[in-house]
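I opened my notebook to get to know a structure that was new to me. These are my entries, in the order I looked things up.

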Amino acid sequence: MTLYVAIALVAIIAYVYLCTKNSIVEGLNEKYVLITGCDSGFGRLVMEQLDKKGVHVFAACLLHKSVDEIRENTKHCIPFTMNVTDTEDIRKGVLFVKENLPANQGLWGIVNNAGVAGCGYAGWLKKKDYEKVINVNLLGVIDVAIQFLGLVIKAKGRVVNIASMLGRRHDPFASSYVVSKFGVIGFSDSLRMEMRPFGVSVHNICPGFFQTKIVANSVGIFRNLIANMDQEVRSCYGEDHINE
């Protein structure tokens, strides 16, 4: 009986060791990662965690003040501005990253995090409301991934796209956001199959509801929708329903 217990313990220890060994990443201080949306929220948190572990982070921000904050408060981050809705600005971002990478080195990873909120009944929204959300949350993700893909292939790295649980389920009152996140998951699934022969992995992360700046901004978007709603739409839905 004792022999069987000893064999079982050895097997468990060996299994845990092999699993742990495969999950340990060596040489983090030699890795370079690009993260978009580092002004706040998940992007800033991921950037700070990787910086503490010694990873070199190209921290893409929308605002110049965010670049100054990051430069002052981190050790391994290389902040710069990049608007993910502007193809030419992304092209300049690629050149900036290439200039600051060591010779013959690519990107160990891309974290496509930049995003905006979208809320309101579909009947309250106009095409431009959908375009504003999709341009950042979906087309921005696609454009960044495509333009930086060569550097990821070079390092046999990974592409991590921040989607949402609303990219897996379709809740009411958020159709513009849902559409954008369903698109991110569809793009990632296709890209994953295309990149497999090149040793590049593609991942979706689908968070639930967290108190990030996106959630806080939703309140302002909702109030703006109500304030600028067409009278015909307001009459159709009724004041009581709108106020609820």
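This is a predicted model: local features need pLDDT of at least 70, side-chain atom pairs count only at pLDDT 80 or more; totals for chains, interfaces and linings use all residues.

**Entry 1: the nonpolar core.** I went for the largest nonpolar core, and it has 34 residues. Leu34, Phe58, Met82, Val97, Leu107, Val144 and Phe148 have the most contacts inside it. The largest share comes from α5, with 10 residues. I also found a second, separate core of 16 residues, which includes Val33, Met47, Val55 and Cys77.

**Entry 2: Met82 up close.** I picked Met82 from the core list, as one of the residues with the most contacts there. What does Met82 touch, leaving out residues up to four places away in sequence? I wrote down Thr36, Ala60, Cys61, Asp89, Ile90, Gly93, Val144 and Phe148. Val144 and Phe148 are also on the list of residues with the most contacts inside the largest core.

**Entry 3: the chain as a whole.** The chain has 244 residues, and 39% of them are buried. I noted 9 helices and 6 strands. I then looked at contacts between residues at least 6 apart in sequence, and 64% of these join residues at least 24 apart.

**Entry 4: the second largest pocket.** I looked up its space and got about 250 Å³. It is lined by 15 residues, and Val33, Val46, Leu50, Trp108 and Val111 are the closest to its centre. Val33 had already turned up in my notes, as part of the second core. Which elements each supply at least two residues of the lining? They are α2 (41-52), β4 (109-112) and β5 (158-162). The largest share is the 4 residues from α2. By kind, the lining divides into 11 nonpolar, 2 polar and 2 charged residues.

**Entry 5: salt bridges.** How many salt bridges are there? The count comes to 6. The general idea is that side chains of opposite charge can pair when their charged atoms come close. I looked at some of them in detail.

Asp68 pairs with Arg71, and their closest N and O atoms are 3.7 Å apart. I checked this one against the cut-off: a salt bridge needs a side-chain nitrogen of Lys or Arg within 4 Å of a carboxyl oxygen of Asp or Glu, so the pair qualifies. Both sit in helix α3 (residues 64-73), and because they are 3 residues apart, about one helical turn separates them. Is Asp68 buried or partly exposed? Asp68 is partly exposed, at 46% relative accessible area. Arg71 has 52% relative accessibility, so I put it down as exposed.

Arg91 pairs with Glu88, with the closest N and O atoms 2.6 Å apart. Both lie in helix α4 (residues 87-100), 3 residues apart, about one turn of the helix. Each is partly exposed: Arg91 at 39% and Glu88 at 37%.

Arg192 pairs with Asp189, and here the closest N and O atoms are 2.8 Å apart. These two belong to helix α6 (residues 175-195), again 3 residues apart and about one turn of the helix. Arg192 is partly exposed at 24%, and Asp189 is partly exposed at 30%.

**Entry 6: two loop residues.** Where is Gln105 found? I found Gln105 in the loop between α4 and β4. Its relative accessibility is 25%, so Gln105 counts as partly exposed. Gln105 touches Glu30, Tyr32 and Lys154, not counting residues up to four places away in sequence. Tyr32 is 73 residues from Gln105 in sequence, yet the two are 8.6 Å apart in space, C-alpha to C-alpha.

Arg196 lies in another loop, the one between α6 and β6 (201-205). With a relative accessible area of 57%, Arg196 is exposed. I also looked up Arg196 against Lys156: they are 40 residues apart in sequence and 9.9 Å apart in space, C-alpha to C-alpha.

Technical notes. Residues are numbered from 1 along each chain as its sequence is written. Side-chain values use heavy atoms; hydrogens and water are left out. Buried means under 20% relative accessible area, exposed over 50%, partly exposed in between (1.4 Å probe, protein chains only). On a 1 Å grid over the protein atoms alone, a cavity is a set of points where a 1.4 Å probe fits but cannot get out, and a pocket is an open set with protein on both sides within 12 Å along at least five of seven lines; lining residues have an atom within 4 Å of a point. Grid points are joined across faces, edges and corners, and a volume is the space filled by probe spheres set on the points. Ala, Val, Leu, Ile, Met, Phe, Trp, Tyr, Cys and Pro count as nonpolar, Asp, Glu, Lys and Arg as charged, and the others, Gly among them, as polar. A nonpolar core is a set of buried Ala, Val, Leu, Ile, Met, Phe, Trp, Tyr and Cys residues joined through side-chain atoms within 4.5 Å. Contact means heavy atoms within 4.5 Å.
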